[in-house]
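Dear colleague,

I am handing over the structure below, and after it I set out what was found. Please read the notes with the structure open beside them.

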Amino acid sequence: FFFQAEDGIRDVERSRGLGDVYKRQILACMEDPERVPWEYALNCDYLAGAEDYDKVIRASDFVVGILPKTPKTSGYFDLKKFEMMRKDAVFMNIGRGSTMVENDLVKVLKEKKISGAVLDVFPEEPLPSTSELYKMKNVLMTYHCADKTDDYWERTMYIFEKVLKHYTKTGHYLNEVNLDLGYQPYLRTVSYTHLRAHETSLHLVCRLLLEKK
């Protein structure tokens, strides 16, 4: 299963192909599922609210954190959350490093309470050379680049053009950050679905891990 948390729902769409290929279900968690645009909800097999977060974590083969950095999400993935996970689960964090407690993750990895971790972000970046994560064979780390694909600049310029045109016409930005929440949860307006999909770093890692399973 895939666990997509908080503002990560829009990233489920790019993971959907992987779920279909390997007959895996995509489970998404949102604080308020009723506010999720229908076009994103359709890409999930199950869309849970905050009351079901723990249930989804316990059921998932892969727990993918895509949380924004806010006071509410600081240290969200702590020892309690890690110990909820299946023993063969893989924790993946491509959101913000502040959302996980590094020492707690190291502890459960050492004790083999989870199978492994794939980390693109860390509480402190660059990751200090003294971090125990470097020595762990069941940890795959990248340098805050999980969004990099062979069409990265093409996607970037497409979105920039859409935002710029909207601003010159209206004087307002698309998808402005909600200052009360600390992030913009629903990117409904800027769509890239007409362009061909490419395998992201997340796709590749999941595919390799699934093949090992």
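Thr 70 counts as buried because its relative accessibility is 9%, where buried means under 20% relative accessible area, exposed over 50%, and partly exposed in between, with a 1.4 Å probe and protein chains only. Thr 70 sits in the loop between strand E4 (62-65) and H4, and, if neighbours within four places in sequence are left aside, Thr 70 is in contact with Leu 181, Gly 182 and Tyr 183; contact means heavy atoms within 4.5 Å.

Before going further, please note that this is a predicted model, in which local features need pLDDT of at least 70 and side-chain atom pairs count only at pLDDT 80 or more, while totals for chains, interfaces and linings use all residues. Residues are numbered from 1 along each chain as its sequence is written, and side-chain values use heavy atoms, with hydrogens and water left out.

As for the whole chain, seven helices and seven strands are present, and along the sequence they follow the pattern β-α-β-α-β-α-β-α-β-α-β-β-α-α; helices (H or I, at least four residues) and strands (E, at least two) are DSSP runs, numbered from the N terminus. The chain has 213 residues, of which 44% count as buried, and among its contacts between residues at least 6 apart in sequence, 64% join residues at least 24 apart.

Helix H5 (residues 102-110) has Glu 102, Asp 104, Leu 105, Val 106, Val 108 and Leu 109 as its buried residues. Their cover includes helix H4 (79-84) together with strands E5 (90-93), E6 (116-119) and E7 (139-141). Just after H5, Lys 112 takes a positive phi of about 55 degrees.

Further along, Ala 146 is placed in the loop between E7 and H6, and Ala 146 is buried, since its relative accessible area is 16%. The C-alpha atoms of Ala 146 and Gly 95 are separated by 9.4 Å, although the two residues are 51 residues apart along the chain.

Finally, Met 157, which lies in helix H6 (residues 152-170), is partly exposed, as its relative accessible area is 46%. Together with Phe 160 and Leu 164, Met 157 makes a nonpolar surface patch of about 300 Å².

How values were computed. Patch = residues over 30% accessible without salt bridge, like charges linked within 9 Å, V, L, I, M, F, W, Y side chains within 5 Å. Areas by Shrake-Rupley, 256 points an atom, 1.4 Å probe, with all protein chains shown as cover. Salt bridge = Lys/Arg side-chain N within 4 Å of Asp/Glu carboxyl O.
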